[in-house]
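Visitor: I would like to go through a structure with you. Could we take it piece by piece?
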Amino acid sequence: MPKHSVHYSLATALEAVRADKDSVVEMDRWAEIGDSGASELAGTLRKNENLEILILGSQNIGPLGAQAIGEAMHRHMKLKELHLHNNKLGYEGVEKLAHELAKPLSKSSSKPGNKILQVLVLRKNEIGPHCSGLCGMCRFSPQFPIALLDLTSLQLIDMNNNELVYLPLEIANMPKLIGLDLRNNSIDNIPDQVMVTARSGHQSGFLILKEWMLAEIQRLDDPDNATSVLAGDPLAALAALSPLGSPQGRRGNKNESPWPDNFGFSSIAESPLRSVQVSPVRGGKDTRRRKDKNLDTFAKKGSQAAHTSGAIGVFPSISEDR
């Protein structure tokens with residue numbers, strides 16, 4: 001894993017991005033660079049070619065800062081992970097970010113622009129309904145920032161702890177998506193039985209959530225031939241969808257959850273695509289080391305969807321308050 005330091009000031013972060021030597025840039029959560037700082041950082045990002053992970057948790061970033069980051073990342077060919085947890089993006093910020101990322105690279109192209117971004121962390125961003133659906137931004141989807149569906153390269157989306165009440169079924173058609181954390185949201189259009197069985201979309205539970213959404217799309221299109229993945233025992237359906245087989249027997253306590261609860265991230269410097277350990281340092285020196293840890297058996301096996309997309313099908317653990 002590459003070395004990287006946590007930047008306690010915007011100045012050192014800007015210097016690191018300009019130097020274009022680090023693959024990871026992380027702001028300390030107390031820096032609170034806001035929209036103006038995010039815009040400055042985005043300006044330097046336009047000329048950067050080597051950054052792969054950008055961590056801007058708890059930076060008081062709103063819609064304007066999110067839009068600036070999206071504009072800068074539009075043509076960035078290396079940045080795979082964007083962590084914006086615990087900010088103030090809201091519906092508007094997510095919509096602007098996704099809209100900029102998905103813009104075609106040229107006027108003659110109709111294909112989405114950025115095809116590199118794999119991980120988008122939007123936990124704790126006050127994302128909820130926008131308006132009555134009559135404004136231009138909502139695009140007739142006032143309850144969910146629909147531009148996210150245009151980011152077809154995404155594999156993992158963390159929307160834990162927001163204000164979502166609706167999830168578009170079409171999200172199941174995102175070609176590379178293998179994890180979608182919807183915990184701590186009050187989503188009305190997905191049955192409670194599905195959300196509980198699918199563990200709100202995270203880890204292997206996403207497989208059954210996806211299957212239910214695809215079946216629901218089929219039911220709405222052709223009610224006479226619709227099928228349900230929840231027919232019979234929903235836990236059995238989940239086991240059948242997972243290549244790991246039945247969860248029973250993996251743990252001694254039958255009352256304990258059969259799946260490891262490590263979708264969230266244990267450190268803001270951790271990547272959802274790998275498990276790493278970091279020790280903090282102060283200042284701008286690039287001396288903070290990240291060290292690979294052996295993934296557990298579950299992570300090594302992953303899900304079939306993860307193997308086919310080339311990524312690990314589990315999120316290592318990130319703390320909720322960072």
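Guide: The conversation below goes from the whole chain to its strands, a helix and a cavity.

Guide: This is a predicted model, in which local features need pLDDT of at least 70, side-chain atom pairs count only at pLDDT 80 or more, and totals for chains, interfaces and linings use all residues. Residues are numbered from 1 along each chain as its sequence is written, and side-chain values use heavy atoms, with hydrogens and water left out.

Visitor: How many helices and strands does the chain have?
Guide: The chain has nine helices and nine strands. These are DSSP runs numbered from the N terminus, with at least four residues (H or I) for a helix and at least two (E) for a strand.

Visitor: And what share of the residues is buried?
Guide: Of the 322 residues, 53% count as buried; buried means under 20% relative accessible area, with a 1.4 Å probe and protein chains only.

Visitor: Which strands does E2 pair with?
Guide: Strand E2 (residues 24-27) pairs in the parallel sense with E1 (residues 6-7) over two bridges, and with E3 (residues 53-55) over three bridges, also parallel. Pairing requires at least two DSSP bridges between the strands.

Visitor: Which way do the residues of E2 point?
Guide: Val24 and Glu26 point one way, Val25 and Met27 the other, and all are buried.

Visitor: How does the chain get from E1 to E2?
Guide: The chain passes through helix H1 (residues 10-19) in a right-handed β-α-β crossover. Right-handed means that, with the strands pointing away from the viewer, the path from the first strand over the helix to the second runs clockwise. E2, helix H2 (residues 34-45) and E3 also form a right-handed β-α-β unit.

Visitor: Changing topic, what do the buried residues of H3 pack against?
Guide: They pack against H2, strand E4 (81-83) and helix H4 (90-102), where contact means heavy atoms within 4.5 Å. The buried residues of H3 (residues 63-73) include Gly65, Ile69 and Met73.

Visitor: Last topic: how many cavities of 30 Å³ or more are there?
Guide: The count is one. A cavity is a set of points on a 1 Å grid over the protein atoms alone where a 1.4 Å probe fits but cannot get out, and lining residues have an atom within 4 Å of a point.

Visitor: Which residues line the largest cavity?
Guide: The lining consists of Leu101, Asn114, Leu117, Leu151, Ser153 and Leu154.

Terms used. Buried < 20%, exposed > 50% of the residue type's maximum accessible area, 1.4 Å probe, protein only. 1 Å grid on protein atoms, 1.4 Å probe; cavity = no way out; pocket = protein on both sides within 12 Å on 5 of 7 lines; lining within 4 Å. Points joined across faces, edges and corners; volume = space filled by probe spheres on them.
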